Amino acid sequence: MEGGWLVLAAVLIAARAQNNRISVTDDGPRFLSRGHSYRAVVGDTLLLPCQVQNLGSLVLLWRRGPAVLTAASLMVTRDERFRLVDGYNLQITDVGPQDAGDYVCQISDRISRDQVHTVEVLVPPSVRASPESKHAAARRGGAAVLECRASGNPVPTVTWHKLKLPVPTNWPELNDTNTRLGEGPQLQLSRLERHHSGRYACTVDNGVGPPIVTEFQLQVLYPPEITVERSWVHTGEGFRAELLCTVHADPPAEVGWYQNSFPLSASERITMSARGNNHTLLIANVQPEDFGNYSCVADNSLGRARQHVEVSGRPGPAVFTSPPLARRAASYLLAFAVDSYPPLDELRLLYRQLAINESFQQPGRWHDVVIPAPEPAGSLTHRVTHELRGLQPGAVYEAIVQAKNRYGWNEVSDIFQFHTLGGAHTAHADELTPMFAAASKNQLAYCVILTALYIMNALA
């Protein structure tokens with residue numbers, strides 16, 4: 001560097017000596033180019049013009065701050081990325097962030113005329129993620145913080161999404177498939193629940209180069225949660241029974257099946273399988289000892305959960321199949337279906353008039369009818385019809401049914417409502433809806449009726 005300064009000094013001394021001999025009639029040097037502001041992306045090649053007329057024997061300098069880059073055609077700087085092109089134009093290759101600033105093209109005369117170019121270097125975004133592993137874990141009810149510290153020029157924006165699909169190659173054009181959560185360097189999640197588990201992404205973008213997408217995996221730890229497909233499974237001797245429970249847990253749970261509090265093991269008739277979160281217990285060729293209470297039990301390091309399923313040979317609940325509008329004024333053909341593997345032994349029907357007329361809304365008394373058991377159907381479903389006579393015209397009735405086979409009585413059916421023809425006003429199907437709402441107010445009365453049914457069954 002010391003040798004370069006000596007050469008520069010010699011060049012300047014010679015230029016001043018020559019300058020003293022310039023004629024006063026000389027127009028003197030002047031710039032043909034103008035100062036300008038330039039924006040360059042990191043890695044680009046930048047050309048800063050400096051064109052001078054009538055330079056004569058004067059020396060042209062390129063300076064950046066106090067540092068001299070060139071003097072005449074001499075390269076003073078040792079940075080090989082700088083060179084003069086087509087005269088005194090300064091070329092910078094492989095532009096970096098450190099190259100931002102003012103560059104001065106200066107004529108070394110007594111006036112010291114300058115031309116200034118300002119360089120702004122655009123830096124593509126970069127990101128520092130926290131946690132660095134891109135994986136965070138927290139317990140349910142707790143909190144988690146994901147962070148993307150971004151840098152670049154201009155200052156990048158940071159946008160957060162919860163991902164439903166894999167990150168697309170043309171991100172973020174397809175980010176409508178994901179859930180936007182907000183902007184900023186941090187994503188704070190509190191009161192975590194199971195559904196918060198999943199993949200999150202921060203998108204860092206400043207318009208320079210492609211956006212940067214950083215993906216995180218959030219794991220919410222929680223004790224097992226169990227749901228059962230059916231809490232009551234109907235089957236019969238010689239048939240099969242399938243019990244299904246769905247288990248969600250993190251860490252993953254160990255799942256076992258119990259019958260009457262005793263653990264079950266696989267055998268020729270009992271098969272236990274799992275597919276994803278679904279766990280199945282299959283009992284083939286059901287025997288009398290297979291009826292009873294079963295439980296699906298799930299354990300992990302955070303707790304235990306249990307759900308119960310009853311396997312029973314009792315009939316399934318009755319399902320009404322007749323239309324809600326009667327064809328006659330004083331009678332109604334009630335139809336319903338009951339699933340039962342063994343033949344039905346007995347059927348019991350309770351019905352009453354729900355509303356006598358528009359001015360008197362009190363329900364009538366319950367009529368208890370024993371329906372003869374139908375002939376064996378030869379199939380699982382038994383279809384039953386029974387004609388109710390002596391009904392009031394233009395009135396609304398409600399009915400419930402219970403069935404019995406050799407394993408016992410089933411659960412009482414849901415309440416069914418129907419309407420007879422005639423009277424001053426004949427209802428349509430949609431007019432029965434308010435009656436359902438009114439029926440909900442009488443749940444206590446229905447509970448009393450059901451309790452009485454069970455007592456009568458027990459005495460029988």
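Mentor: Let us begin with C202, which has 0% relative accessibility and therefore counts as buried. The model is predicted: local features need pLDDT of at least 70, side-chain atom pairs count only at pLDDT 80 or more, and totals for chains, interfaces and linings use all residues. Residues are numbered from 1 along each chain as its sequence is written, and side-chain values use heavy atoms, with hydrogens and water left out.

Trainee: Why is C148 called buried?

Mentor: Buried means under 20% relative accessible area, exposed over 50%, and partly exposed in between, with a 1.4 Å probe and protein chains only. C148 has 0% relative accessibility, so C148 counts as buried. Of the 460 residues of the protein chain, 39% count as buried.

Trainee: What makes the link of C148 to C202 a disulfide?

Mentor: A disulfide is a pair of cysteine sulfur atoms within 2.5 Å. From S to S, C148 and C202 are 2.0 Å apart, and a disulfide joins them. The torsion about their S-S bond is -75°, and the link is left-handed. C148 lies in strand β13 (residues 144–153) and C202 in strand β17 (residues 198–205), so the pair ties together parts that are 54 residues apart in sequence. Strands here are DSSP runs (E, at least two residues), as helices are (H or I, at least four), numbered from the N terminus.

Trainee: How many disulfides are there by this rule?

Mentor: The count comes to three. Another joins C50 to C105, with 1.7 Å from S to S. The torsion about the S-S bond of C50 and C105 is about -65°, so this disulfide is left-handed. C245 and C296 are also joined, at 2.1 Å from S to S. C245 sits in strand β20 (residues 241–250) and C296 in strand β25 (residues 292–300), 51 residues apart. Counted along the chain, the bonded cysteines follow the pattern 1-2, 3-4, 5-6.

Trainee: Why is one side of β3 and of β8 left without a neighbour in the sheet?

Mentor: Two strands pair if DSSP finds at least two bridges between them. The open sheet has three strands in the order β3-β9-β8, paired antiparallel. β3 (46–48) and β8 (82–85) stand at the edges, each with a single partner strand, so one side of each has no neighbour in the sheet.

Trainee: How do you know that β8 and β9 pair?

Mentor: Four bridges join β8 to β9 (residues 89–92), and the two run antiparallel. The bridge partner of R83 in β9 is Q91.
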